[in-house]
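Hi,

Here is the structure I said I would pass on. Have a look, and then read on for what turned up in it.

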Amino acid sequence: MKEPGYIRFACDRAEKAHEDGKKPVEFMTPEDKAAQEWQEVQYVDSNKVTRKLLLCPECAEKYRAIAKAHAEELMAFENESIW
């Protein structure tokens with residue numbers, strides 16, 4: 001049986017970044033609750049190139065921790081408390 005409307009979700013981080021050594025790949029509809037745990041992020045790298053990543057729930061959690069720490073460092077920089 002074919003069911004239309006599924007999207008392939010695959011984490012953009014390397015296999016070794018995952019606990020089991022495999023990239024997570026799942027097929028879901030956008031309405032699936034599990035799809036909401038995946039996160040699309042973008043950032044500007046050191047060459048001023050915008051990079052986009054799709055992150056599985058495991059990697060999304062790690063990314064949020066990095067983003068929070070980075071935001072705190074930027075606030076400290078803005079207020080000159082780290083210099």
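Let's start with the cysteines. A disulfide here is a pair of cysteine sulfur atoms within 2.5 Å. By that rule the count is zero disulfides.

Before the rest, some ground rules. This is a predicted model, where local features need pLDDT of at least 70 and side-chain atom pairs count only at pLDDT 80 or more, while totals for chains, interfaces and linings use all residues. Residues are numbered from 1 along each chain as its sequence is written, and side-chain values use heavy atoms, with hydrogens and water left out.

For accessibility, buried means under 20% relative accessible area, exposed means over 50%, and partly exposed is in between (1.4 Å probe, protein chains only). Cys-11 is buried, with a relative accessible area of 2%, and Cys-59 is buried too, at 1%.

Helices (H or I, at least four residues) and strands (E, at least two) are DSSP runs, numbered from the N terminus. H1 covers residues 57–78, which makes 22 residues, and spans 31 Å from first C-alpha to last, close to the 32 Å expected. That expected span is 1.5 Å times one less than the number of residues. The buried residues of H1 are Cys-59, Ala-60 and Ala-76, and their cover includes S3 and strand S4 (50–55). After H1 comes Glu-80, with a positive phi near 55°.

The salt bridge rule asks for a side-chain nitrogen of Lys or Arg within 4 Å of a carboxyl oxygen of Asp or Glu. The count is one salt bridge: Glu-58 pairs with Lys-62 at 3.5 Å, N to O. Both residues lie in helix H1, four residues apart, about one turn of the helix. An α-helix has 3.6 residues a turn, so residues three or four places apart point the same way. Glu-58 is partly exposed at 25% relative accessibility, and Lys-62 is partly exposed at 37%.

Last, Thr-29. It sits in the loop between strand S2 (25–28) and strand S3 (39–44), and at 16% relative accessibility Thr-29 counts as buried. Neighbours within four places in sequence aside, Thr-29 is in contact (heavy atoms within 4.5 Å) with Gly-5, Tyr-6 and Ala-35.

Cheers
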